[in-house]
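The sequence and structure come first, and the comments follow.

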Amino acid sequence: MKWSVYPPSDDTYFLLDNLPRNLGDSVAEVGCGSGVVSLQVAKKTKRVLATDINFHAVKRLWEKAKMRKIDTKIDVICCDLLSCLRNLRSFSSIIFNPPYLPCEWIEDPSVCGGENGVEIVIKFIDLVNRLKYPGLKIFIVLSNRANIKKVNEALENNRIKFRVIATKSLGFFEELRLYLLTL
Ligand SMILES: C[S@@+](CC[C@H](N)C(=O)[O-])C[C@H]1O[C@@H](n2cnc3c(N)ncnc32)[C@H](O)[C@@H]1O
């Protein structure tokens, strides 16, 4: 398994450029990677919780938060998605730029989303659907390199309302999409 920390990339900046200004008072970022999204979001909200399965990523984000003296606003936890939480009631928004390439997650969890590129996203959708509460907003980045049809089906099966709020072409073949899920 590779444990390199995902560096800020096209999908990171796509997410940052298209998130609404107001995400509410309390935001969770799943899969924080380098931490650039959580650090940016922390400027606009009262509290951020960042998780990542990669211990090096959360350790690095925690060090950056302390260095910038915003460790009073950020919590970081090394955990699988949001499985370390009992419920999501204290959050107004959740953000996830997941690994979405069609390759085995165990090979490289920073980019591989599973056989169809969507297995991690679908696991996340099932989890938030169990922990959800009305009014929670969820932002997920997806790429057409993954099997997006399977994600749409999972959302429909869970009766989760969703819409695409932004798209960006990366060259001729790849398109990024930002999904907003309302529970
Ligand atoms: C595409 S990177 C995004 C990183 C960062 N949020 C960004 O936008 O630059 C996906 C991140 O999800 C993390 N990740 C993968 N599987 C995870 C899981 N099951 N639970 C938590 N984090 C996970 C990876 O370690 C990686 O940091």
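1. Strand 7 (residues 137-143) and strand 9 (residues 174-182) run antiparallel and are joined by seven bridges. Within this pair, Phe 139 has Leu 180 of strand 9 as its bridge partner. Strands here are DSSP runs of E with at least two residues, helices are runs of H or I with at least four, and both are numbered from the N terminus. Two strands pair if DSSP finds at least two bridges between them.

2. The model is a predicted one, in which local features need pLDDT of at least 70, side-chain atom pairs count only at pLDDT 80 or more, and totals for chains, interfaces and linings use all residues. Residues are numbered from 1 along each chain as its sequence is written.

3. The sheet is open and mixed, with seven strands in the order 3-2-1-4-7-9-8. Strand 3 and strand 8 are the edge strands, each pairing on one side only. From one strand to the next, the twist averages 15 degrees. Helix 3 (residues 55-67) lies across strand 2 and strand 3, at about 165 degrees to strand 3. Axes are lines fitted to C-alpha atoms, for helices over the stretch in contact, and angles run from 0 to 180 degrees between N-to-C directions.

4. The largest nonpolar core contains 49 residues, and Ala 50, Ile 94, Val 121, Phe 124, Ile 140 and Leu 142 have the most contacts inside it. Helix 4 (residues 119-131) gives the most to this core, six residues. Such a core is a set of buried Ala, Val, Leu, Ile, Met, Phe, Trp, Tyr and Cys residues joined through C-beta atoms within 7 Å. Leaving aside residues up to four places away in sequence, Leu 142 touches Tyr 100, Ile 148, Val 151, Arg 177 and Tyr 179; contact requires C-beta atoms, placed from the backbone, within 7 Å.

5. Most residues other than glycine have a negative phi. Leu 81, in the loop between strand 3 (74-78) and strand 4 (93-96), has a positive phi near 55 degrees. Arg 159, in the loop between helix 5 (148-157) and strand 8 (161-170), also has a phi near 55 degrees. Leu 81 counts as buried because it has 20 C-beta neighbours inside 10 Å, whereas Arg 159 is exposed, with 8 other C-beta atoms within 10 Å. The cut-offs are 20 or more other C-beta atoms within 10 Å for buried, 12 or fewer for exposed, and partly exposed in between, with C-beta atoms placed from the backbone.

Technical notes
Two residues are in contact if their C-beta atoms, placed from the backbone, lie within 7 Å.
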